[in-house]
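Colleague: Let's walk through this model together. I'll ask, you answer.

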Amino acid sequence: MTRSLGGAELAASIRNDASVAADALSEIGIRPTLAVVLATDDESTAWYVRSIASAAKRTGILCDIVDLGPSATTEQIHTTLVELGHDPDVHGIILQTPLPEGTDLDALREAINPAKDIDGANPVSLGRLVARLPAFAPATAQAVIALLDHHGIDLHGKTAAVVGRSTVVGSPAAHLLVQRNATVTVCHRHTADLVAATRDAEILVVAVGIPGLIRAEHVAEGAVVIDVGTTATDDGQLLGDVDFAAVDGRAGALTPVPGGVGPVTTALLLNHTVDAAATQYAQTRSDALLTGSRSGG
Ligand code: NAD
């Protein structure tokens with residue numbers, strides 16, 4: 001029988017921790033604030049951003065949605081990100097994709113202040129993650145590991161395959177798995193034989209965006225399968241990358257879509273925002289103390 005690795009319970013517990021920390025910060029006059037920058041009229045993105053905003057509100061976090069519209073230019077988005085990076089009342093920044101065609105996503109990611117980069121989008125954050133230095137990991141990649149931990153799945157010495165190598169999900173998830181002592185194969189659109197690359201993995205993480213890509217032949221008997229994929233259909237369904245019916249009964253454990261990685265990702269974004277607010281507050285205090293001691297005050 002395939003065990004379902006749901007994310008709701010873990011997400012609730014992360015949100016609860018974030019809410020307690022947000023209340024403690026509010027008591028000293030700090031209201032953790034998240035800015036979500038978007039530049040699209042895509043309805044599923046709007047829905048996702050609204051769901052972050054409502055979860056933030058319930059957690060005691062202010063969420064400022066900065067909607068620049070679908071014709072925003074790289075320059076306009078860049079200016080907004082730099083301003084938010086300098087704004088002492090903003091603690092976390094998300095740059096929501098997709099962006100208008102022709103915008104330079106790489107340049108924009110670099111414009112996110114690393115101290116506020118709560119979804120690990122700036123290459124500085126990713127570099128620090130790979131170098132095993134403190135940084136915010138991309139929340140979805142971290143959610144994969146958090147979900148495995150929550151369900152008591154040991155990663156040490158296991159074989160893992162990650163399908164997808166994006167800088168937001170696949171690559172950081174692969175690095176985090178290696179850091180937990182798994183032996184990892186990374187697959188992507190040019191992998192010649194996906195079945196051969198995945199069929200022996202004890203842990204299979206799929207982050208592609210092609211519904212039904214992963215069928216029974218990709219999955220080892222008893223494997224743990226984490227389905228990150230989310231594709232919205234015209235009739236309002238959300239589909240994962242795994243052919244659930246084909247894999248159910250063969251996999252040992254499988255995340256549902258929706259209700260698996262997604263809610264944990266959102267909860268971690270809120271948790272990172274509160275962490276960022278606390279760190280920025282501590283930094284301001286220590287800067288003030290240093291300035292005071294230098295001026296003899
Ligand atoms: P992306 O388009 O940036 O990357 C997709 C990756 O899949 C690429 O590395 C590509 O090489 C690989 N790929 C494409 N076709 C393939 C094939 N036939 N075989 C093997 N690999 C193939 O996407 P992304 O931003 O990494 O997102 C991946 C999926 O995860 C999407 O469905 C996205 O909506 C979803 N997602 C979910 C969450 C969440 O919280 N649940 C968060 C972020 C992304």
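This is a predicted model: local features need pLDDT of at least 70, side-chain atom pairs count only at pLDDT 80 or more; totals for chains, interfaces and linings use all residues.

Modeller: Residues are numbered from 1 along each chain as its sequence is written, and side-chain values use heavy atoms, with hydrogens and water left out.

Colleague: Are H1 and H10 roughly parallel or oblique to each other?

Modeller: Helices are DSSP runs of H or I of at least four residues, and strands are runs of E of at least two, numbered from the N terminus. Axes are lines fitted to C-alpha atoms, for helices over the stretch in contact, and angles run from 0 to 180 degrees between N-to-C directions. The axes of H1 (residues 8–27) and H10 cross at roughly 20° and come within 9 Å. Angles under 35 degrees count as roughly parallel, over 145 as roughly antiparallel, 65 to 115 as roughly perpendicular and the rest as oblique, so H1 and H10 are roughly parallel.

Colleague: Which residue classes make up the contact of H1 with H10?

Modeller: Contact means heavy atoms within 4.5 Å. On H1, the residues include Leu 10, Ile 14 and Arg 15; on H10, they include Val 264, Leu 268 and Asn 271. Ala, Val, Leu, Ile, Met, Phe, Trp, Tyr, Cys and Pro count as nonpolar, Asp, Glu, Lys and Arg as charged, and the others, Gly among them, as polar. The tally is 15 nonpolar, one polar and one charged.

Colleague: At what angle do the axes of H2 and H10 cross?

Modeller: H2 spans residues 43–59, and H10 spans residues 261–294. H2 and H10 are oblique to each other. Their axes come within 10 Å and cross at roughly 55°.

Colleague: Which residue has a polar side-chain atom 3.2 Å from an oxygen atom of the ligand?

Modeller: A polar contact is a pair of N or O atoms within 3.5 Å; within protein, one must be able to donate a hydrogen and the other to accept it, and residues adjacent in sequence count only if both atoms are side-chain atoms. Thr 230 places a polar side-chain atom 2.8 Å from a ligand oxygen. At 3.2 Å, the residue is Thr 265.

Colleague: Which residue does a cis peptide bond join to Val 257?

Modeller: The omega of this bond is about 0°.
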